[in-house]
Amino acid sequence: MKLLTQVLDLALKWVLIAAMAAIVLVVSWQVLSRYVLQSPSSNTEEMARFLLIWVGMLGAAYSYRMKAHLGLSLLTDRLGPVQGRRADALVHLCVLLFAGAVMVAGGYHLMSLTLELKQVSAAMGIEMGWVYSVVPLSGLLMMFYACEHLLTRRAG
């Protein structure tokens with residue numbers, strides 16, 4: 001499981017780096033084409049928006065893994081070691097349940113519904129279901145990371 005986690009961490013990190021670099025390039029091209037060439041590109045704004053959605057959702061999964069997400073430790077700092085581990089496990093269990101119910105199940109329903117209705121984006125003509133596919137994907141990643149944390153905490 002450790003090797004799979006390391007491979008997943010590395011892949012997710014590089015996908016996020018590539019997506020952020022793509023946002024910078026797309027927005028730079030938008031500014032250049034609008035103000036220098038006087039011929040704004042119609043696709044760049046939508047592409048930047050879609051990339052930002054993917055970066056936000058995948059970044060949430062990555063920051064959860066790296067424990068870089070916002071958290072208040074006011075209560076858990078005052079608990080003893082046993083109660084602190086229990087509170088930590090409860091938090092990860094809640095993340096597991098939320099990611100499974102809302103992100104994976106709900107996100108899959110949203111994705112399949114928009115694919116079924118053949119909803120496409122205005123400028124690029126991309127099926128919106130593929131844009132929304134990041135919701136169940138990031139939910140699966142969060143579920144994996146929550147399970148990994150719960151299993152490694154028990155083993156350790």
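What is the volume of the largest pocket? In this predicted model, the largest pocket has a volume of about 450 Å³. Its lining comprises 18 residues, and those nearest the centre are His-69, Gly-71, Asp-88, Val-91 and His-92. Helices H2, H3 and H5 each give two or more residues to this lining. The greatest share comes from H3, which provides six residues.

The largest nonpolar core consists of 21 residues, within which Leu-12, Leu-58, Tyr-64, Leu-141, Met-142 and Tyr-145 have the most contacts. Two or more residues of this core come from each of helix H1 (2-36), helix H2 (44-65), helix H3 (81-116) and H5. In soluble globular proteins, nonpolar side chains tend to be buried together. The surroundings of Leu-141 illustrate the packing: when residues up to four places away in sequence are not counted, Leu-141 touches Leu-8, Leu-12, Leu-58 and Ala-61.

Helix H2 gives residues both to the core and to the lining of the largest pocket. This helix has 22 residues and reaches 31 Å from its first C-alpha to its last, close to the 32 Å expected at 1.5 Å a residue. The buried residues of H2 are Thr-44, Glu-46, Ala-48, Phe-50, Leu-51, Val-55, Leu-58, Ala-61, Ser-63 and Tyr-64. Among them are Leu-58 and Ala-61, which are also contacts of Leu-141.

Gln-38, found in the loop between H1 and H2, has a positive phi near 60 degrees. Lys-67 lies in the loop between H2 and H3, just after H2, and takes a positive phi of about 55 degrees. Gln-38 counts as exposed because its relative accessible area is 61%, above the cut-off of 50%. Lys-67 is likewise exposed, with a relative accessible area of 56%.

A polar atom of the Ser-133 side chain lies 2.6 Å from the backbone oxygen of Trp-130. Leaving aside neighbours within four places in sequence, Ser-133 is in contact with Trp-54 and Met-111.

Conventions: Residues numbered from 1 in each chain as written. Predicted model: local features only at pLDDT ≥ 70, side-chain atom pairs only at ≥ 80, totals over all residues. Heavy atoms only, no water. Polar contact = N/O pair within 3.5 Å; in protein donor to acceptor, adjacent residues only side chain to side chain. Contact = heavy atoms within 4.5 Å. Core = buried A, V, L, I, M, F, W, Y, C linked by side-chain atoms within 4.5 Å. Buried < 20%, exposed > 50% of the residue type's maximum accessible area, 1.4 Å probe, protein only. Helix = DSSP H or I, 4+ residues; strand = E, 2+ residues; numbered from the N terminus. Expected span 1.5 Å × (residues − 1). 1 Å grid on protein atoms, 1.4 Å probe; cavity = no way out; pocket = protein on both sides within 12 Å on 5 of 7 lines; lining within 4 Å. Points joined across faces, edges and corners; volume = space filled by probe spheres on them.
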